Amino acid sequence: MQVPLLDLKLQYAPLKARLLAEIEAVADSQALLLGPQTEKFEKAVAAYCGAAHAIGVSSGTDAQLILLMALGIKPGDKVLTTPYTFFATASCVARLGATPVFVDIDPVTFNISVPALERALAAHPEAKAIVPVHLYGQCADMAGLVALGKKHGIPVLEDAAQAHGASHPLGHAGAIGEAGWFSFYPTKNLGAFGDAGMTVCHDDALAAKIRALRNHGMETRYYHKWIGGNFRIDAIQSAVLNVKLPHLDTWGAGRRARAGFYRRAFARHTLPITLPTEVYADSGVLNHHIYNQFIIRAPQRDELRAFLTKAGVGTEIYYPLPLHLQECFAYLGHRKGEFPEAERAAAETLALPIFPELTEDQQEYVVAQIAAFYG
């Protein structure tokens, strides 16, 4: 049996006619950047997540970069974030000449550790921002993070690139802190037909600045108040996402259902793996986890992955080397062992196939192959 890590064709097929019609309508209009499709999508996302403003941009990476630019993050500033995340979270800080200050993760959720963050804030009281990541589709401890942000008077900026649609008892991912951002990379739960992203915030002045910065810092055409960039979202991507957004909660429920099936199937075996923990499952929040990835901890992780590959099961490692050990961040002077939980996660975690169209037979096969590996 072949079990892909993700099969986007299965999502595309029932939406194909509608998607192609919307793309054709954009092509016929020749309103190819921003425009009515983008305005419609921005309003829909703002209403969905409870933010006052949603600003469509060219990618999830640019959504973070433009927010940091709008907040005035500059060379020498320090931004606290996790070393166990996708590269962009820290690279956007570094691109502005600021310094990413890494904070170790919670071993259960893989999200930034609040106790570790409190120690980091004591060591770096001059820090300008806290950037938690809602990794794999489950929110970080926003109650603790917001409390620390208020205590120290610095904004909490949510990297919700993997968590559009996820909820926390305090609200929707991305809209709990001062601001946040989403990625619509094709493999995300809400994926475009290419790169696209969105910044969300509550402050009117901040939103106005972000809108100007995405278009070279212009408010009035050819008059540049700030030095911005070309961060505009394509109208075709907005059109695609307008079609897909109404399905997001259904797709999230499908992923949770398949996570539940994995749990029941794995419970029939005695295996040395650790399944993901749903920390908000009993909070009453519906979308407490949206499973952008289903991550297990596995002894002999690399050997298991090779075994599953031979058996036709797609897997992925997110992320094999934490950011503090990446060559490009060597100038920060970190050494192996400084962030042990991030390093342990990088060595032990493995993503299994999970998407709404995954069949029970495919899941049973995945579990059977893992059981066979451990003997």
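In which hand of crossing, left-handed or right-handed, does H3 pass H4? I will come to that in a moment.

First, how to read the numbers. This is a predicted model, in which local features need pLDDT of at least 70, side-chain atom pairs count only at pLDDT 80 or more, and totals for chains, interfaces and linings use all residues. Residues are numbered from 1 along each chain as its sequence is written, and side-chain values use heavy atoms, with hydrogens and water left out. Helices (H or I, at least four residues) and strands (E, at least two) are DSSP runs, numbered from the N terminus.

Now the helix pairs. Two packed helices are described by the angle between their axes and the distance between the axes. Axes here are lines fitted to C-alpha atoms, for helices over the stretch in contact, with angles from 0 to 180 degrees between N-to-C directions.

Back to the opening pair. The axes of H3 and helix H4, residues 88–95, cross at roughly 40 degrees and come within 9 Å. H3 is therefore oblique to H4. As for the labels, angles under 35 degrees count as roughly parallel, over 145 as roughly antiparallel, 65 to 115 as roughly perpendicular, and the rest as oblique. The answer on hand is that H3 passes H4 in a right-handed crossing. A crossing is right-handed if the near helix is turned clockwise from the far one by less than a right angle, and left-handed if anticlockwise. Thr61, Gln64, Leu65 and Leu68 of H3 make the contact (heavy atoms within 4.5 Å) with Ala88, Thr89, Cys92, Val93 and Arg95 of H4. These residues divide into five nonpolar, three polar and one charged. Ala, Val, Leu, Ile, Met, Phe, Trp, Tyr, Cys and Pro count as nonpolar, Asp, Glu, Lys and Arg as charged, and the others, Gly among them, as polar.

Next, H2, residues 35–49, and H8, residues 235–244. Their axes come within 8 Å and cross at roughly 45 degrees, so H2 is oblique to H8. This crossing is left-handed. On the H2 side are Gln37, Thr38, Lys40 and Phe41, and they meet Ala235, Ser238, Ala239, Leu241 and Asn242 in H8. By class, that contact has four nonpolar, four polar and one charged residues.

The axes come within 10 Å and cross at roughly 15 degrees, so H5 is roughly parallel to H6. H5 passes H6 in a right-handed crossing.

Helix H3 comes up again with H7, residues 204–213. The buried residues of H7 are Leu206, Ala207, Lys209, Ile210, Ala212 and Leu213. Buried means under 20% relative accessible area, exposed over 50%, and partly exposed in between (1.4 Å probe, protein chains only). Those residues pack against strand E1, helix H3, strand E9 and strand E10. At the N-terminal end of H7, aspartate 203 is the cap, with a side-chain oxygen 3.2 Å from the backbone nitrogen of alanine 205.

Alanine 196 sits in the loop between strand E8 and E9, and it counts as buried because its relative accessibility is 1%. Beyond four places in sequence, its contacts include Val57, Tyr185, Ile233 and Leu241. Its C-alpha atom is 8.3 Å from that of serine 238, 42 residues apart along the chain.

Glutamine 363 is in helix H12, residues 360–374. At 1% relative accessibility, glutamine 363 counts as buried. Not counting residues up to four places away in sequence, glutamine 363 touches Arg258, Phe261, Tyr262 and Leu358.

Technical notes: Polar contact = N/O pair within 3.5 Å; in protein donor to acceptor, adjacent residues only side chain to side chain.
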